[in-house]
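Here are some notes to read alongside the model. They are set out as numbered points, each of which can be checked against the coordinates.

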Amino acid sequence: MQTAKTAESESGYKALTQTQVASFWEEGFLVVGKVLEDELIEEMRCEYDSEFDLARSGQRPVRNLAVGEEHHDHDEEDQQEMLQFMGISEYNLRFHQLIYHDVILDVIEDLIGPNIQLYHNQALYKPPHHGGPIFWHQDNAYWKCVPANLVSVWLTLDDVDYHNGAMQFIPGSHLRPMIHDQAQGSDVLLDMGKLVDDSKAVVGDLPAGGITLHHCQTLHRTAPNTTDRQRRALAIHYMTPGTRSAQTQESFQVSFGKPMLRMRV
């Protein structure tokens, strides 16, 4: 297992170099580094914590993806949690604004061009000590989008490394779709673990406010959070207009949940 070098370690990142763009398309991922200013990180942490407080009181649609666990048992000390809040930008103005963040959109434009539509977004929370894992998978095994060229931004509001659930990637795995197994004990999660060589994994260590990028067919996972640190993360998934569902063959229409974020005619 390796740790990736960040493309940029300070906020204010503006654009990807040609070398970085080539690396993304060759490897299927890129560790960019810090893009959010400290003041914004603190503001987003407060909003994030507030939203998950509402979730724990039943006012937000959050589910626990930890295998074999139910969300209503969250107060048991030994229960694993990997909490998923789908579409957080539809509930909170600050997160809605974040999906339009200029620096992030500049990076996405370098990869998929100037016309950018949101596919969806989610908040992914691992608490200290008992944060559950997410298994090896390709995102498009869930989404089934055509063409399979969506790009995801994974953004952390905390310093992350292997031990508290940083993203891990298998280089080159985006070049073809793979058949996934259902994760044992879950009717939601997929798991490619038996077919993945963990020794090839690259860990995307990040400072708070940092991002990684990955292709929708890149194998990735996160390990359990066994530390005394939180792991507050967001995933924002971007696509080009005209992307279709492989199941219906219909294009995803512009909507509040799937807005156009940038367009240049």
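**Notes on the predicted model**

1. In β5, the bridge partner of Met86 is Gln122. The structure is a predicted model, and this pair belongs to the pairing of strand β4 (residues 83–86) with β5, which is antiparallel and runs over 4 bridges.

2. With strand β15 (residues 231–239) the pairing is antiparallel, over 9 bridges; here Tyr125 has Arg232 of β15 as its bridge partner.

3. How many residues of β5 are buried? The count is 11 of 11, so the strand is mostly covered. The cut-off behind that count is under 20% relative accessible area.

4. His120 lies in β5, which spans residues 116–126. Is His120 buried or exposed? Its relative accessibility is 13%, and because the limit for buried is under 20%, His120 counts as buried. The side chain of His120 makes a polar contact with the side chain of Trp143, at 3.4 Å. Leaving aside residues up to four places away in sequence, His120 touches Met86, Trp143, Ala235, Ile236 and His237.

5. Trp136 is found in strand β6 and has a relative accessibility of 2%, so it counts as buried. Its side chain makes a polar contact with the side chain of Asp198, at 3.0 Å. Trp136 and Leu195 are 59 residues apart in sequence, while their C-alpha atoms are 9.2 Å apart in space.

6. In soluble globular proteins, nonpolar side chains tend to be buried together. In this model the largest nonpolar core has 42 residues, and Ile108, Val153, Leu213 and Tyr238 have the most contacts inside it. Helix α4 (residues 102–112) gives the most to this core, with 7 residues. A second, separate core has 16 residues, including Leu65, Leu124, Trp154 and Val202.

7. Which residues does Val153 touch, not counting residues up to four places away in sequence? They are Ile104, Ile108, Ile211, Thr212, Leu213, Leu234, Ala235, Ile236 and Tyr238.

8. α4 is mostly covered, with 8 of its 11 residues buried. Those buried residues are Val103, Ile104, Leu105, Val107, Ile108, Glu109, Leu111 and Ile112. They pack against α1 (18–27), β5, β8 (151–156), β13 (210–215), β15 and β17. After α4 comes Gly113, whose phi is positive, near 100 degrees.

9. The largest pocket holds about 420 Å³ of space. It is lined by 25 residues, and the closest to its centre are Gln84, Gln122, His137, Asp139 and Tyr142. Elements that give two or more residues to this lining are β4, β5, β6 (134–137), α5 (139–143), β8, β14 (220–222) and β15. Which element gives the most to the lining of the largest pocket? That is β5, with 4 residues.

10. The model has 1 cavity of 30 Å³ or more. The largest cavity has a volume of about 40 Å³. Ile88, Phe95, Leu98, Ile99, Asn121, Gln122, Leu234, Ala235 and Ile236 line it. α3 (93–98), β5 and β15 each supply at least two residues of this lining, and β15 gives the most, with 3 residues.

Note on methods
Residues are numbered from 1 along each chain as its sequence is written. This is a predicted model: local features need pLDDT of at least 70, side-chain atom pairs count only at pLDDT 80 or more; totals for chains, interfaces and linings use all residues. Side-chain values use heavy atoms; hydrogens and water are left out. Buried means under 20% relative accessible area, exposed over 50%, partly exposed in between (1.4 Å probe, protein chains only). A polar contact is a pair of N or O atoms within 3.5 Å; within protein, one must be able to donate a hydrogen and the other to accept it, and residues adjacent in sequence count only if both atoms are side-chain atoms. Contact means heavy atoms within 4.5 Å. A nonpolar core is a set of buried Ala, Val, Leu, Ile, Met, Phe, Trp, Tyr and Cys residues joined through side-chain atoms within 4.5 Å. Two strands pair if DSSP finds at least two bridges between them. On a 1 Å grid over the protein atoms alone, a cavity is a set of points where a 1.4 Å probe fits but cannot get out, and a pocket is an open set with protein on both sides within 12 Å along at least five of seven lines; lining residues have an atom within 4 Å of a point. Grid points are joined across faces, edges and corners, and a volume is the space filled by probe spheres set on the points.
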